[in-house]
Structures are given as C-alpha cells and as structure tokens.
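I opened a new notebook page for this protein. My plan is to look things up one at a time and write each down.

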Amino acid sequence: MKGRHGARALCFALSWALMAPSVQAQVLTLKEAVAIATRTHPSIEAARLGVDQAQAAVREARTGLQPTLSLSGGLNRTDVTGVPLRTVSPQSPYGFQLQLSAVQPLYDGARTASAVRLADLGAQLAEVERRGAQRKVAYDTALAYIAVLQAESLRDAARINVEQAKDQLCLADLRSQGQVGTRFEVLQAQSSVAIAQEGFLRAVNQLRQARQTLESQLGRPVADLRVEPMTQLKHLAYDPEQIAQALDGRPEVAQAILAREGQVETARQRARTTWPTVSAVGDVTTAPGGGTQQTIAASLAWNFFDSGRTATQVRQAQFGAERAEASLAATRRTAALEIQTTAQALQSAQERVAVTQQGLQAAIEGLKLAKVRFNAGVGTGLEVTSALSSLSQAQSSYIQGSYEVKTTQLRLAQALGLEVEELIP
C-alpha cells in the first residue's frame, strides 16, 4: 500500500514538473519580425549603399560635357650672357607667371551620352539588387519564424509524449506492485519513457537551432520573446497564366535584362571612340614683365586609325550582349520551372496534410482503445506502448506537414515575385 502511494506521488511530481507554467514572454508577431529584419539587416544596408554609389556614378557621368577651369603659376629666372651690361634691362631677372585655362567640350562623339546611359543602367541594377536583398531578408525571416513555430509544436508534442509515457510507467508500476501486471510491462514502459525523452531532447535542440536562425535574421536575441502560435498566412491563389507576368517581378530576371542592356550600350560606346571631339579652349596668361595675354582657340581631335583595336572591342562587346541575351532566356526558363515545381510541391503538401490528419485521428483512437483494454485487464502494456509510439509518429508527421504547407506557400510567393507582406494578415 505504501509503495502504491509512493508511485502515485512520483507520478504527480513528474506531471507537475512537466506542466509547470513558464514565465510569460513578450509576443513577437510575424509582421514585427519581418519589419525588424528589413530595417536592421546588414545586407540591406550594403545594398542601399550600393544604390548611393551608383547614383554618384550617374552624377559623375553627367559632367562629361561640363567646362573645366585650371589655374597654374610658376616662378622663373632669366639670365642673359654675352650682352654688354649697358644693353641689359635693369629689371630683376626673376619673374612670376600665372595662367588661367578654360576648356569647354563642344562635342565628344556621344561618349558622355553613353557614359550616362551606362551609369543609369548601373543605378537601376543597384536598385533591383536592393529590392532583391530586402525581399530575400523578408522571406528568410518569415521562413525562420515558421521554423520556430514548427519546432515549438514538435517540442510540445514531444513533451506530451513524455507525459503519457511516464503515466503509463506509473500504471505499470502500480499493476506490478498489485501483482496484476508483470515486470516485463514495467520494462516496456521504461523503454517507452526513454525513447520519448530522447525525442523531447531532440525537439528542444531543434528549437534552439531554429531560434538561433531567427536571431541571426533579427540581429538580436529572442530569448525574451515568443512567437505567436496562431500565426496564419493568407490563401495564395495561383494561376499558371501568372508565370509570364511573375517573371518580370523576379530580381534575377530584372538583373539579366539590365545586364543585357548594359552590354548593348557598351558596344555602342566603344564604337564611338573613333568619332572626333571638339572643344573650345581659352587661356589668360600674365607675362613676367607685366601685362596679360589672352588666347581663344578651338581644338579638334580625331583618332581615325588604331590598327583595328576599336573594331575588336566593339565585337567583343557585341559577344557580351549576345551572351547576356542567352543568359536572360536561361534565367527566365529556370524561374518558370521553379514556380511550377513549387506550386506542385504546395499542392502535394496540402494533400499530405489531409492524409496525416486522418492518421493522427486513427492513432488517437488506437491509443484510447489500447488504454481501455489495458485498464480492463484484457490488453497488455505492449499494446499501449505501441499505440503511444504510433501516436508520436502521427503527431510529428501532422505537425511537419502542416508547417510544410506554410513554408511552401512562402516559397511559392517568393517565386512569384510577391512581397511577403501580401501573405501576412
């Protein structure tokens, strides 16, 4: 009798330890997590600085036809030899000369226009890269958030498995002490507890890793935060006809388009290197003995023969444009395939959830029946432990399937070029 009360006390203590409430932490919603990551992630800041750098290159390119002014001066000494002293000027042999020069390009063979066009394309490319970096951070954060939710659900399910296994161990101990059960049932229950505890530790470790990934995205620890367990995503309606439209929203497709245009403009720019340039030049020079001298002139330069160097460079740039065109086609094809495969994966995940839900319900009913048979003395502990194992596997499959739908939905939205905020209620 004393042993039976001791076993009941042990069971109560174990259940209380597992069910003890944790300290309430501040809730971090998915929308807040994405906002924090996109505001503080260093890759977005690096991309933003790339935009600033590209815009500065545009401003520099636009100065190609602007005038330039230069000022130069010098101190010189003049010595006269072989001349009688009476014929030498009594002024000092030292003189200071100052020259102010102005150059105004009048025509540069459209080189400045090409440089501005290339700089504009570079700025557009930098902006596409910035948006792509921001979108990637947002989706990576959302996926990390969902991974934490999944890990927490698996941990909670594993904790319940431990509780149920320990409850079964307590019952097996009571039956063994009352001589209505066997020692073999106790050993089976102990083995079931050990397996459940191992699964719980594995789930805790997975949760720790998931939280570390989320912390890396947010740039801050999340130990004092908890994710919202009821997080849901909006339904994503997908139409195969959206593929062509979605491709234009893909960052890599936009980058390939800009790369192709850049190669085409480079070919034009190199072809213009043989065009003549015209400039207006003006000088104002002070003479050492006093007075000033003004000069106004026009300058013409024409590199009309360079041994075929320019033609070779133009052809090289044309090859680059053709290569960029082929890369664009390959990028479009790869992106379209990714959209199709991700859409199929989402459909498969949704179908799998329905199957795992049926399996979970069957496992729950099986465990209830096994416990009824065990308590009535017509079943064995092996039936209960086997039912517990089946329930644990069914719970894990259902949880993983449910969150696989969410993660695949996020990946499909990303493949379609949508913003992650469009899926957050």
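The entries below go from the whole chain to single residues.

**Entry 1: the whole chain**

I noted at the start that this is a predicted model. I then looked up the secondary structure and found nine helices and six strands. Next came burial: of the 425 residues, 36% count as buried. Last, I checked contacts between residues at least 6 apart in sequence. Of these, 83% join residues at least 24 apart.

**Entry 2: rings**

How many aromatic pairs does a search of the whole structure find? I got zero. I did find charges placed over rings. Arg315 lies over the face of Phe319, 4.1 Å from the ring centre. Lys406 has its charged end over the ring of Tyr403, at 5.2 Å from the centre.

I looked up Gln217 and found it in helix α5, which covers residues 183–218. Is Gln217 buried or exposed? Its relative accessibility is 13%, so Gln217 counts as buried. Leaving out residues up to four places away in sequence, I listed what Gln217 touches: Ala37, His41, Val137, Asp140, Thr141 and Ala144.

Asn161 was next. It sits in helix α4, residues 111–177. Asn161 is buried too, because its relative accessible area is 11%, under the 20% cut-off. I followed up Gln395. It is 234 residues from Asn161 along the chain, yet their C-alpha atoms are separated by 9.7 Å.

Then I turned to Ala321, in helix α8 (residues 309–375). Ala321 has a relative accessible area of 12% and is buried. Beyond four places away in sequence, Ala321 touches Arg260, Gln263 and Val264. I also looked up Ala267, 54 residues from Ala321 along the chain. The C-alpha atoms of Ala321 and Ala267 are 8.0 Å apart.

**Entry 3: a nonpolar patch**

Which residues make the nonpolar surface patch of about 730 Å²? I wrote down Leu69, Leu71, Leu75, Phe96, Leu98, Leu100 and Val284. Strands β2 (68–77) and β3 (94–107) each supply at least two residues of this patch. Val284 belongs to strand β5, residues 277–286. I found Val284 partly exposed, with 37% relative accessible area.

**Entry 4: salt bridges**

My count came to 19 salt bridges.

Asp52 is partly exposed at 34%, and Arg48 is partly exposed at 36%.

Next I looked up Asp120 and Arg62, whose side chains meet at 3.9 Å, N to O. Asp120 is in helix α4 and Arg62 is in the loop between α3 and β2, so this pair ties together parts 58 residues apart in sequence. Asp120 is partly exposed at 23%. Arg62 is partly exposed at 49%.

Then came Arg130 and Glu127, with their closest N and O atoms 2.6 Å apart. Both are in helix α4, three residues apart, which is about one helical turn. Arg130 is partly exposed at 21%, and Glu127 is partly exposed at 24%.

I ended with a network: salt bridges that share partners join Glu45, Arg48 and Asp52.

Note on methods
Residues are numbered from 1 along each chain as its sequence is written. This is a predicted model: local features need pLDDT of at least 70, side-chain atom pairs count only at pLDDT 80 or more; totals for chains, interfaces and linings use all residues. Side-chain values use heavy atoms; hydrogens and water are left out. Helices (H or I, at least four residues) and strands (E, at least two) are DSSP runs, numbered from the N terminus. Buried means under 20% relative accessible area, exposed over 50%, partly exposed in between (1.4 Å probe, protein chains only). Contact means heavy atoms within 4.5 Å. Rings of Phe, Tyr and Trp (its six-membered ring) pair if their centres lie within 6.5 Å; planes under 30 degrees apart count as stacked, over 60 as edge-to-face and the rest as tilted. A charge sits over a ring if NZ of Lys or CZ of Arg is within 6 Å of the ring centre and within 35 degrees of the ring normal. Patches are made of residues with over 30% relative accessible area and no salt bridge: like charges are joined within 9 Å, nonpolar side chains (Val, Leu, Ile, Met, Phe, Trp, Tyr) within 5 Å. Accessible areas come from the Shrake-Rupley method with a 1.4 Å probe; for residues, only the protein chains shown count as cover. A salt bridge is a side-chain nitrogen of Lys or Arg within 4 Å of a carboxyl oxygen of Asp or Glu.
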